[in-house]
Each structure stands twice: as structure tokens, then as C-alpha cells.
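I set down here, in order, what I looked up in this structure. The entries are brief and are meant for a reader who is new to it.

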Amino acid sequence: MIEALNLVKWFGPILAVNDVTFTVERGEVLGFLGPNGAGKSTTMRMITGFLPPSSGTVRIDGHDVVDDPIPARENVGYLPENAPGYPEMTVTGFLNFVAEVHGLGGQDKRDAVGRVVEMCHLRPVLHQPIDTLSKGYRHRTCFAQSILPDPPILVLDEPTDGLDPNQKREVRDLIREMGKEKAIILSTHILEEVDAVCSRVIIIDNGQLVCNGTPDELRKRAPGAGSVTVGIYDHKAGEIKDVFSGLKGVKRVDVLGEHNGAVQVKVYPVRQDGNPLELGPVLANVMKERGMVFGEFHTEKGRLEEVFYDVTRAEQEVASDTEKVSNNVG
Amino acid sequence: MERRCRNVWTIAKRELAGYFMSPVAYVFIIIFLVLSGFFTFMVSDFFATNEASLAPFFFWHQWLYLFLVPAIGMRLWSEERRSGTIELLLTMPITAGQAIIAKFLAAWVFLGLALILTFPMVITVNFLGNPDNGVIAAGYLGSFLTAGAYLSLSSLTSAMTRNQVVSFITAVVLCMFLLLAGWPPVTNMVTWAPYWVIDTVAGVSVVPHYDALQRGVIAIRDLVYFASVMGFALFATGVIVHSRRGA
Ligand SMILES: Nc1ncnc2c1ncn2[C@@H]1O[C@H](COP(=O)(O)OP(=O)(O)O)[C@@H](O)[C@H]1O
Ligand SMILES: [Mg+2]
């Protein structure tokens with residue numbers, strides 16, 4: 001559905017997007033993660049055909065967005081960053097206009113507008129000019145225009161920006177629901193959002209793609225992923241440490257201290273191809289053999305924050321070493 | 001073809017409605033009517049000429065437009081850039097060319113509406129004497145075409161910047177060039193140049209074409225002149241919109 005191949009974008013001397021390649025299929029919700037200024041919006045602008053790439057291609061359903069723009073654009077709904085809208089127009093006026101641009105008229109137009117008004121809860125502000133709307137309503141109005149022609153592809157730049165927690169949740173539910181039959185790309189810097197809606201995640205930093213995988217795959221890359229914390233009664237810390245350290249698949253054992261009479265240890269697994277080995281069964285077995293009584297037993301899944309921090313920080317260190325052109329434009 | 005026309009119509013309709021949803025339209029129309037009345041009656045002393053003609057009325061239009069048309073045209077693209085709606089507009093299933101033509105046409109129709117509202121002038125001269133209404137019609141045509149030429153240049157400058165003040169001032173200067181190009185002080189600046197340069201500079205001037213229409217002469221040559229100015233300026237607008245989309 002969406003193919004982005006070797007996208008590069010220069011703004012004068014600034015390299016905003018550096019060789020980004022990915023594809024999104026129908027039924028996928030791709031989360032675009034990255035710190036501010038990473039190049040998320042620039043990439044989305046190239047996908048929607050607003051900005052021409054300096055090199056590389058974008059194909060929407062096989063149509064090149066630069067050479068064959070109209071069929072490509074017909075299939076894409078776009079929510080730009082900051083949710084722009086014509087300030088003097090009313091919400092209905094605006095939505096009707098968008099419907100007409102997509103060739104809808106008469107009953108079709110009324111149906112399409114009515115549908116998004118319900119989906120985005122815009123009824124209370126229908127006849128209000130856009131520049132008098134609160135940020136949440138303005139954002140939802142622009143979101144409504146993006147889904148109005150029911151396009152098979154959605155490109156949403158920070159779709160929950162400026163919404164309150166309830167509204168955020170509603171929009172996420174909506175995106176997840178639509179993601180079942182559409183191809184959706186959304187950018188965000190809110191990590192919980194990724195878990196809530198995305199089936200796949202891309203992390204981009206300094207214009208470069210640094211991670212691409214499902215949220216679970218990514219989580220496994222967290223430094224603490226797969227580690228087991230266990231609290232054991234009636235054994236000395238040193239002894240526990242010796243026993244566990246000798247096991248296959250264990251990389252390191254940290255003694256965390258004593259808590260309610262139990263020695264707490266944290267056992268880190270060896271990684272194979274970047275994935276942590278499963279420690280649970282191994283540890284449970286050895287404790288059973290030795291008659292160790294344990295209270296707490298907890299395997300860490302790994303947190304996205306950790307991965308995010310890990311990959312984006314590492315990238316920055318490389319950047320300062322190799323004297324990249326600094327991003328001096330805000 | 002049908003599809004293209006529909007796109008242009010949809011965008012133009014929105015634009016035109018936009019004028020009337022903001023105070024811009026009303027302020028513009030009132031100022032235009034008041035000023036054209038003021039110059040015609042007070043400065044040119046319309047009644048004292050004792051002629052049933054609208055020549056003094058039309059004479060002032062080319063000067064009034066110098067400031068009023070850029071005031072309308074300056075927002076055409078700057079405003080889209082400033083509010084970010086350019087990102088919506090240029091990612092809709094329409095071409096940039098359609099958007100440019102639609103926005104231009106909407107503004108031009110709006111200027112035409114303001115012009116039509118001067119109809120009491122026509123009634124007045126017909127009431128007072130026996131004017132040549134053919135000449136008056138040609139005069140209106142000339143006035144409308146001049147407004148269009150100025151507007152196309154304003155569209156060009158507004159595509160260049162998101163700052164409306166810069167856009168306005170640049171447009172006034174360009175329009176002033178169009179108005180003064182044939183004027184001796186301007187052509188004298190380039191006396192050192194070969195004849196064809198002087199001729200070219202003078203040929204850019206709107207004045208001889210405007211005057212011809214004011215005399216009631218509708219010649220192909222003059223119509224071609226106006227069409228070329230508008231065509232060129234809108235084409236250049238397209239080039240700029242295309243190359244400066246993200247800026
Ligand atoms: N029109 C532009 N002109 C110059 N630099 C730009 C422009 N747009 C974006 N940039 C730069 O490109 C980089 C990426 O920006 P952006 O894509 O907006 O990041 P993100 O959306 O991930 O926060 C930033 O360093 C930004 O300053
Ligand atoms: Mg952004």
C-alpha cells in the first residue's frame with residue numbers, strides 16, 4: 001500500500017531525512033516514533049506528496065506520488081501537524097468543502113459528512129468558525145477531514161496532540177478500529193500510544209531509521225528485557241548467586257537486597273541475535289531441585305522508554321563524533 | 001476536463017465565500033466605492049466637465065487598483081502558508097495549477113463584484129445626458145482586465161512569502177512598474193539601452209491598452225496584452241508554489 005524507498009530530504013545544508021525505507025500494508029498501524037526534530041513530519045510530508053523528496057521514491061498503491069500524484073492522493077487521508085483549517089470557515093462548511101474536493105455530492109456528501117461528525121463528536125461545534133474552536137475540537141475537525149472520504153490509507157501526524165485523556169483514548173480506539181482494514185501511519189512521541197494502537201513501530205532519529213519491528217520485538221531490545229527478579233527465603237545471598245550464575249543462559253546475577261526475610265536477586269539472561277533467552281523455566285527448575293522457597297517471581301518484559309532512550313541516545317553520541325551538520329533551524 | 005472544471009469551481013467557491021465571511025470584503029467594497037466617488041467628483045470635478053462620460057471615473061481606477069488590488073491579492077498564498085492550510089490544499093486530489101487558477105478567479109470575480117456596484121455612476125450619466133454606453137461598457141472591460149493584471153502580479157508576490165506586508169509592498173511596486181513603464185521618466189532611465197530594450201520596457205505598460213479600451217476600442221492586441229500578463233504571472237506563481245511548498 002505505502003512504499004517509501006530510500007527517502008532523503010535536504011533543507012539547504014540540513015539533512016532532515018536520511019535514507020529511510022519502509023512499507024506499510026493494509027491492516028497495519030505503523031507508529032512513527034522519534035524525538036522532536038527527528039524527521040517524522042518531513043517524512044510524512046513526502047509520503048503525502050506535499051514535499052518532493054531530494055531523492056528516493058514514495059509509491060501509494062503503486063502510484064508514484066511525484067509522477068502520478070492525483071491517483072496517489074485520492075487514496076490518502078492526511079492530518080498535518082498542528083491540524084490546520086481555514087480559520088473563517090465553519091466546521092460544516094469546511095467538511096462539506098473537503099467532501100466536494102473528493103468529488104462527493106448530494107446524498108453521498110451528506111452521508112460522509114454526517115458519518116465523520118458522529119465519529120469525531122463534532123455536533124456541538126458544527127456552525128462555529130474554526131478559529132474559535134478549542135484546540136481539541138480543532139484537532140478533531142482536521143482529523144475528521146482526513147477520514148472523510150474513507151480513504152484506504154491514512155497519514156496522521158501526531159493525531160492525539162492537544163486532546164484531553166478521554167479524547168486521546170477515543171481517537172486511539174478509532175484508529176485501532178480503522179487499522180483493521182486500512183494502512184495507517186501515525187507519528188507520536190507518546191510511547192503508551194504505540195502500545196495502545198500500533199501493530200508495528202519505526203524509530204527514527206536524526207533522520208535515520210534506527211528500529212523497525214512489532215512493539216513486542218522492540219521491547220525485547222530493552223536492556224532489562226527478560227530479566228527475572230526473584231525473592232528467596234532461608235538462603236544466603238552468596239549461595240544463591242553462585243547457583244544461578246552457574247546456569248546456562250544466565251549472563252549476570254545482581255543481589256538487590258533483603259526484603260521481608262527474602263533475598264532479592266535479579267537475573268539477566270544471555271542474548272541470542274539480540275533476543276533475551278527465556279530464564280523462567282530454568283530458574284524454577286533449579287529452585288525446585290534445591291528446595292528453595294521463593295516469594296516473588298517476576299519476568300520483565302522490557303519497557304519501550306528504555307529502548308527509545310537507548311537507540312536515540314546512542315545515535316546522538318555517534319552524531320557528535322562524526323561532526324554531522326547540526327540541526328540549527330527550529 | 002469536466003473533473004478539472006469541477007475542482008476549480010469547488011476551490012473558487014470556497015475562496016469567494018471566504019471573502020464574505022470575513023470583514024475584508026465589506027471593508028474593501030466600501031473603500032473602493034468611496035474612493036472612486038471621491039476622485040471622480042471631488043478631484044476630477046465630474047459635474048464641471050459638463051460631459052456625459054465616465055472618463056474621469058475610469059481614469060482613477062488604474063491608480064486606485066494600485067493599492068486596493070494588492071490588498072486583496074496579498075493574502076492569496078501567504079495566508080495559506082501562514083495558517084498551514086497549504087499543506088491540506090496541495091495534498092488534496094487536485095493539481096497546484098487548478099488551485100492557483102481557482103484562487104485567482106475567485107479574487108477576480110470578487111473585484112468584478114465591487115466594480116459592478118459602481119453601477120449608480122452609469123445611471124447618473126444616463127440621467128444627466130446621453131453618454132455612449134458602448135464606450136462605458138468597454139471602459140468597464142478595461143477596468144476589469146487591469147484589475148486582473150494587477151491581481152495576477154499580487155498572486156505571484158504572495159506565493160513568494162508568508163509575510164503579507166512584504167507581499168503587499170512587492171505587489172504595489174510590480175503594479176506600479178506596469179503602470180509607469182511607458183512614462184518618459186522611466187524610459188529615460190534606460191536611454192543608454194538599444195531601442196528594442198526601451199520599446200520592450202514601454203511595451204510592458206498597461207496604459208496604452210487601458211486607454212484604448214477607455215476610448216471604446218476593443219482590439220485583439222489589447223486583449224492579448226492582458227491575457228499575456230495574467231498568463232505569465234500565474235505561470236510564475238505556479239513555479240514558485242511548486243518550488244517553495246515546504247518553506
Ligand atoms: N521547511 C524547512 N526548512 C528547513 N528545515 C526544516 C524544514 N522543515 C523541517 N526542517 C528541519 O528538519 C528536521 C526534521 O524536522 P521534522 O520533520 O519537523 O521533525 P519531527 O516531526 O520529527 O519533529 C528538523 O531539524 C527541522 O528543523
Ligand atoms: Mg513533527
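I began with a term: a polar contact is a pair of N or O atoms within 3.5 Å; within protein, one must be able to donate a hydrogen and the other to accept it, and residues adjacent in sequence count only if both atoms are side-chain atoms. I noted that this is a predicted model, in which local features need pLDDT of at least 70 and side-chain atom pairs count only at pLDDT 80 or more, while totals for chains, interfaces and linings use all residues. Residues are numbered from 1 along each chain as its sequence is written, chains are lettered from A and ligands numbered from 1 in the order in which they are written, and side-chain values use heavy atoms, with hydrogens and water left out.

**Entry 1: R172(A)**

I looked up R172(A) and found it in helix α6 of chain A, residues 165-178; helices are DSSP runs (H or I, at least four residues) numbered from the N terminus. The side chain of R172(A) makes a polar contact of 2.9 Å with that of E193(A). R172(A) counts as buried because its relative accessibility is 11%, buried meaning under 20% relative accessible area (1.4 Å probe, protein chains only). Beyond neighbours within four places in sequence, R172(A) has contacts (heavy atoms within 4.5 Å) that include T160(A), I190(A) and V197(A).

**Entry 2: helix α3 of chain A**

I next asked how many of the 11 residues of α3(A), residues 91-101, are buried. The count is nine, so the helix is largely enclosed by the rest of the structure. Among the buried residues are F94(A), F97(A) and E100(A). They pack against α4 (106-119) and α5 (135-147) of chain A, together with α1 and α5 of chain B. After α3(A) comes G103(A), with a positive phi near 80 degrees.

**Entry 3: where the chains meet**

I then turned to the contact between the chains, to which chain B and chain A each give 26 residues. The buried area is about 2500 Å², 65% of it from carbon and sulfur atoms; this is the accessible area (1.4 Å probe) that two parts lose on being put together, summed over both.

I counted four salt bridges between chain B and chain A, each a side-chain nitrogen of Lys or Arg within 4 Å of a carboxyl oxygen of Asp or Glu. One of them joins R14(B) to E88(A), with the closest N and O atoms 3.5 Å apart. On the side of chain B that touches chain A, α1(B) gives the largest share, nine residues.

Methods: Helix = DSSP H or I, 4+ residues; strand = E, 2+ residues; numbered from the N terminus. Buried < 20%, exposed > 50% of the residue type's maximum accessible area, 1.4 Å probe, protein only.
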